[in-house]
Amino acid sequence: MSVLSDIVVILLNGLQQGAIYVLLAVGLSIILGTLKFVNFAHGALYLVGTYAGLFVALNVPLSNGKLYEWGLTTLGLDWGFFAALVMVPLLVFVVGLLMERFVARPFYDRPDTDQILVTFGLAIVVQELFRILFGSNSLPFDQPERILSFGSFAGIPVSGPVALPIVGNFPQWRLWVIGITAILVALVYLLVEYTDFGLVVRAGTRDAEMVRLLGIKITRPYIVVFGIGAALAGVAGVVGGPLNVVNPTIGTNILVPAFLTVVIGGVGSIAGAVVGGIVFGLTTAALVSLAPAWSQVGLYAIAAIVLLTRPQGILGDEEVAP
């Protein structure tokens, strides 16, 4: 491979890795920027999305855990990835609504430390629950061969290599992850910036009391915002599952990079979350390719440099800087 093709491969892999960060960071950012709620259980929503996607899309073998002890040696519906991409976000959206109503809402007026403690505790409970049910071993989450696959029906192929200029063969699923992320983030941006719903949410962010005096029940848009953020984490779990190891610790492992993405991009900024995710994705891909031992350190170094030079984040507003 030439130097140019190596660079392009790193760019594509970085965009794919960044896409997962972007999906998580946009969900975190709209919750943190709108509701001022620090949700350390966001990684648990990613965990739920990954396992739910595994369950809907495939039929997976189990080798330990309570379900295995109860006689369930295989688990799944084998309905294909299209079904997972439709059903899992809806499921995690409902989980997000329940989390907002019963976990987040009682803590809106409490200090950040209380919010962190309760959501981090919830994340640990969810992680251990999945460990008990599915065991500690990693489960196989193969990349889908086709986006639609019901019985003998043949849909759109998404796995295997695709020939690209300069690069040559490149895994198709990584391109699908980038495309799905771009579409979803664009839809969320249009919803927040160009609809009456988004107008109410943004007005409530600036002055919730004024919105209430106008007769608008601000709690309804807020709970929907929380649900949308949760659903994006669910999508990240479905599309990112086949590209990473699937075990009960994945939610905790991806939480810190997701929060760093929000911080360096600018809290509450969707565009900032996108920029932060791309920066982190490209940094990760470059370091994994050139200096694997420094891949994790590089993320923190980038975050430190950004916060030292621009405390409010790359695209954050100065008044919301910590």
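I started with Arg 110 and Asp 114, whose side chains meet in a salt bridge at 3.0 Å, N to O (a side-chain nitrogen of Lys or Arg within 4 Å of a carboxyl oxygen of Asp or Glu). This is a predicted model, where local features need pLDDT of at least 70, side-chain atom pairs count only at pLDDT 80 or more, and totals for chains, interfaces and linings use all residues. Residues are numbered from 1 along each chain as its sequence is written, and side-chain values use heavy atoms, with hydrogens and water left out.

Arg 110 is partly exposed at 41% relative accessible area, and Asp 114 is partly exposed at 22% (buried is under 20%, exposed over 50%, partly exposed in between, with a 1.4 Å probe and protein chains only).

How many salt bridges are there by this rule? I found a count of 4. Glu 100 and Arg 105 form one of them, at 3.0 Å, N to O. Here Glu 100 is buried at 1%, while Arg 105 is partly exposed at 28%.

I also looked up Arg 131 and Glu 128, which form a salt bridge with their closest N and O atoms 3.2 Å apart. They sit 3 residues apart in helix 5 (residues 112–134), about one helical turn. Helices are DSSP runs of H or I with at least four residues, strands are runs of E with at least two, and both are numbered from the N terminus.

On the surface I found a nonpolar patch of Phe 55, Leu 77, Trp 79, Phe 82, Val 86, Met 87 and Leu 90, with about 610 Å² of accessible area together. Patch residues have over 30% relative accessible area and no salt bridge; like charges are joined within 9 Å, nonpolar side chains (Val, Leu, Ile, Met, Phe, Trp, Tyr) within 5 Å. Areas come from the Shrake-Rupley method with a 1.4 Å probe, and for residues only the protein chains shown count as cover. Helix 4 (residues 81–104) gives the largest share, 4 residues. Trp 79 lies in the loop between strand 2 (74–76) and helix 4.

Last, I took the overall view: the protein has 12 helices and 4 strands.
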